[in-house]
Amino acid sequence: MSFEINTSGTFASALAGTHSVATTPMTISGAMVANYSLTQPTLSGIITQKSITGNFTAANKVYDGNNVATILTQTLNGIVSGDESNVSLTGGSATFNNKNVASVATTTASITPLDITGDFTVTSTKVYDGNTLANVTSRTLNGVIGADVVSMTGGVANYDTDHTGVAKTVTLTGYGLSGGDAINYTLTSVATTTASITQRTLTLSNFGADSKYYDGTTVATGIGFQDDRLSGDNLSFGRDAAFEDANIGTNKNVNYSNITISGGLDKNNYVLASTTGVAQADIWVKPITVTITGINKVYDGNATATVSL
């Protein structure tokens, strides 16, 4: 005996899960079919979930000290045609693999350096020394996140000019960042500061004067002195100088008074330690010459002569 069962069926639902299966009525066929009666079976089956994968993209960000990433888009791969509007990838959180600049996580995004600024201080004043260098006393950063290890290092500070002045502008150049988190920052600018350059004290020495013959006055000539100005600086002076009196003598005082720095490109960079000074010089006896002229006379029997000066 032989017979065949012929049928087809459909699940009660297209969704994943266990569902009944409806079939078209089954029939049997064959030479002995008349001897049998077919009871229609009750069927069920399982639709298993389809495996799919997902993707996401994340936004670039400026360094902020943590590894949290912002999700931009989420997509699915392998969705059955027609289901795209009924299933989507949602939720979740994203993190960079570390907080530092240029890290790459499951998707690709960039952390760009955070812009920060700096400040510095210098010694509040210095005495004029012919150069623009200022002594840096501190360096600080603005905008560093939390306890990040980063500091401003190096750099040279210079006044705007080497001349004296109050609250002169001082600028720092050649600085940089160092520390374990320095890669996460860009130092965009460092503010200027101010400081003063005060006048240098100028000391005069080796006062001089020429000796002279008595002329009835205290006028002195050949006057001059030396000073301790910085090499290359340009100064000129005004002064009064006179012998202590008009009489003859040796090692007489020649007194300098009213000394001023009267000119020169660097006059404002100095202040005199003293406006007076003393030199020594001689006033010699003045030699004189006497001319005598004899007066002719008529013979008078004696040798007496009359003369005129």
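Which residue's side chain does the side chain of Lys168 join in a polar contact of 2.8 Å? The partner is Thr161, side chain to side chain. Keep in mind that this is a predicted model. The chain is built from strands, 29 of them, with 0 helices. Here's a quick tour, starting with the chain as a whole and then going residue by residue.

**The chain as a whole**

- The radius of gyration comes out at 55 Å, whereas a compact globule of 309 residues would be near 19 Å.
- Along the principal axes, the C-alpha atoms take up a box of roughly 220 × 35 × 25 Å.
- Of the 309 residues in the chain, 24% are buried.

**The largest pocket**

- The largest pocket has a volume of about 380 Å³.
- Its lining is made of 14 residues, and Ala16, Gln49, Lys50, Val80 and Asp83 are the ones nearest the centre.
- By type, that lining splits into 8 nonpolar, 4 polar and 2 charged residues.

- Lys168 belongs to strand 17, which covers residues 165-178.
- Lys168 counts as buried because its relative accessibility is 9%, and the cut-off for buried is under 20%.
- Besides the 2.8 Å polar contact with Thr161, Lys168 is in contact with a set of residues beyond its four-place sequence neighbourhood, including Tyr159, Asp160, His163 and Thr193.
- Thr194, Ala195 and Ile197 are also among the contacts of Lys168.
- Ala167 is in strand 17 too, and its phi is near 55 degrees, a positive value in a residue other than glycine.
- With a relative accessible area of 46%, Ala167 is partly exposed.

- Lys212 is placed in strand 22, residues 212-213.
- Is Lys212 buried or exposed? Its relative accessible area is 12%, so Lys212 is buried.
- The side chain of Lys212 reaches two backbone oxygens: that of Thr217 at 3.0 Å, and that of Val219 at 2.8 Å from a polar side-chain atom.
- Leaving aside neighbours within four places in sequence, the contacts of Lys212 include Thr218, Phe243 and Ile283, and Asp282 and Trp284 are also on the list.
- Ser211 sits in the loop between strand 21 (204-208) and strand 22.
- Ser211 is partly exposed, at 29% relative accessibility.
- A polar atom of the Ser211 side chain lies 2.8 Å from the backbone nitrogen of Asp282.
- Apart from residues up to four places away in sequence, Ser211 touches Ala281, Asp282 and Trp284.
- Ser211 and Thr221 are 10 residues apart along the chain, and their C-alpha atoms are separated by 8.1 Å.

**Leu141**

- Leu141 is part of strand 15, residues 136-142.
- At 19% relative accessibility Leu141 counts as buried, because the label applies under 20%.
- What does Leu141 contact, leaving aside neighbours within four places in sequence? Among them are Ile116, Thr117, Gly118 and Val150, and the list also includes Ser151, Met152, Leu177 and Leu187.
- Asp119 is 22 residues away from Leu141 along the chain, with 6.3 Å between the two C-alpha atoms.

**Asp64**

- You'll find Asp64 in the loop between strand 7 (61-62) and strand 8 (68-69).
- The side chain of Asp64 makes a polar contact of 2.9 Å with the side chain of Lys61.
- Asp64 has a relative accessible area of 32%, so it is partly exposed.
- Pro113 is 49 residues from Asp64 in sequence, yet the C-alpha to C-alpha separation is 8.8 Å.

**Asn251**

- Asn251 lies in strand 25, residues 249-263.
- Phi of Asn251 is near 50 degrees, again a positive value in a residue other than glycine.
- Why does Asn251 count as exposed? Its relative accessible area is 57%, and exposed means over 50%.

How values were computed: Residues numbered from 1 in each chain as written. Predicted model: local features only at pLDDT ≥ 70, side-chain atom pairs only at ≥ 80, totals over all residues. Heavy atoms only, no water. 1 Å grid on protein atoms, 1.4 Å probe; cavity = no way out; pocket = protein on both sides within 12 Å on 5 of 7 lines; lining within 4 Å. Points joined across faces, edges and corners; volume = space filled by probe spheres on them. Nonpolar A, V, L, I, M, F, W, Y, C, P; charged D, E, K, R; others polar. Helix = DSSP H or I, 4+ residues; strand = E, 2+ residues; numbered from the N terminus. Buried < 20%, exposed > 50% of the residue type's maximum accessible area, 1.4 Å probe, protein only. Polar contact = N/O pair within 3.5 Å; in protein donor to acceptor, adjacent residues only side chain to side chain. Contact = heavy atoms within 4.5 Å. Rg over C-alpha atoms; globule rule 2.2 N^0.38 Å.
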